[in-house]
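Please keep the sequence and the structure in view while reading.

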Amino acid sequence: MHTRGWIRLSALTGLVVLVLLGGCAPPDASAPASDTALAAAKRRVRVELLELRPTRFVDWIEVTGTVEAEHDATLSAQASGTVEYLAPLGSRVEAGALLARLDQTLARAALKQAEAQLASARAAYELALDNFRRQEPLFRDSVISALEFENVRAQRDQAEAQLRLAEAAVEQARKQLAHTEIRAPFAGTVETHSVKEGEQIAMGQSVVRLVNLQQMKVRANVPERYARDIHVGTRAELRFQAYGIPPQQATVTFVGNAIDPASRTFPIEVQLDNADRQLKPAMVARVRLARQVLDSVVVVPLPAVVRDETGTSVFVADSSAEGPVARQRYVTLGPSSEGLVVVTQGLRFGEKVVVLGQNDLSDGDLLDVLQTYTVAALAADATTDSVRTLQTP
């Protein structure tokens, strides 16, 4: 039994050796060994390509801004008293319209008193002036003495001074009466009331807020490193995604010269027309500012760029006898924005760059091209690794 086991094991071992020797037999003479090894080493990877064409590239800066009304004022009382009238909330008024009025009883009485004093002073002055005119020829004829004439002149001058004081008192009384009313400095809509009718208020207390929504502005703060890039007239794009308002194109209308030491930013403003009244004060806007615009440059999606310890590179589709083959090309990058980057060195117009599948490539791999894009620019979706087409600017 033991001897038979060894015989069977020896026979099996001999069979395995023969099989292994058969597997190591030299290949068919009709197929060269070098071609067989090359065919076994190369692999084919599915990719999508972008044909490079001259493209306009906008280097955007994105900041967050706040919508403000160009004309937005909280009006205060210039007198103290009891509120008798307030313009209804939401009412649209023209410039000069009455927004609020205080009790005018005392102001009107003071005006009447001042006007009466003015009438008395005017009568006294006219009398003194008439006396002066009658005494002047008598003085020239030496009928009265110089002392008597100077007394008449002094009476005229004193009466004139009293008249001027009375006129000033009337003007002041009229202003006090006008201060009991608050009128619109510009056309707009009554937004809020700070007081109620019948309430006693003090001078300087806020009463009503008036807002004009026809002209709006977006105010934002830009990092100081862009101070030399942003100026009045810089192209701006404003988006209000949280409110469903379409994007708006505009230009920068104001650039601040002072840097905020706390935030290291400087302010800018962009004016917007708001005829449809969709924009409201305090809304949040995404403001994109065109830092620079480059024409006829090479642009590729950022995900197409491969980074390693040597530098940055892309895979270019090259021609070979077996079909398209991947060639790794090291490149120099320029500005980037919205998933796109400018290639300043290393690529030429007309070449085709791998924009999908590049992470699985090695230099020399054969390419199975699924699609070739011929548009001017592409942007990659970082979350799904898919590619969407952008319109040529």
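Which strand and which helix each supply at least two residues of the lining of the second largest pocket? They are strand 3 (81-86) and helix 3 (105-140); helices (H or I, at least four residues) and strands (E, at least two) are DSSP runs, numbered from the N terminus. The model is a predicted one, in which local features need pLDDT of at least 70 and side-chain atom pairs count only at pLDDT 80 or more, whereas totals for chains, interfaces and linings use all residues. Residues are numbered from 1 along each chain as its sequence is written, and side-chain values use heavy atoms, with hydrogens and water left out.

A pocket is an open set of points on a 1 Å grid over the protein atoms alone, where a 1.4 Å probe fits and protein lies on both sides within 12 Å along at least five of seven lines; lining residues have an atom within 4 Å of a point. The second largest pocket holds about 190 Å³ of space, a volume being the space filled by probe spheres set on the points. Its lining includes Ala79, Ser80, Asp103, Gln176 and Thr180. Helix 3 gives the most to this lining, with three residues. By class, the lining has three nonpolar, six polar and one charged residues.

The whole structure contains two aromatic pairs (rings of Phe, Tyr and Trp, the last by its six-membered ring, with centres within 6.5 Å; planes under 30 degrees apart count as stacked, over 60 as edge-to-face and the rest as tilted). The pair of Phe139 and Phe149 is stacked, because the ring centres are 4.6 Å apart and the planes are at 5 degrees. This pair links distant parts of the chain, with Phe139 in helix 3 and Phe149 in helix 4 (residues 146-178), 10 residues apart. Ring pairs join Phe132, Phe139 and Phe149 into a cluster. The charged end of Arg156 sits over the ring of Phe132, 4.3 Å from its centre (CZ of Arg or NZ of Lys within 6 Å of the ring centre and within 35 degrees of the ring normal).

Four strands form an open sheet in the order 6-5-3-8, with antiparallel pairing (two strands pair if DSSP finds at least two bridges between them). Its edge strands are strand 6 (181-183) and strand 8 (200-201), each pairing on one side only. Strand 3 and strand 5 (residues 98-102) run antiparallel and are joined by three bridges. Leu102 in strand 5 is the bridge partner of Val83.

Note on methods
Nonpolar A, V, L, I, M, F, W, Y, C, P; charged D, E, K, R; others polar.
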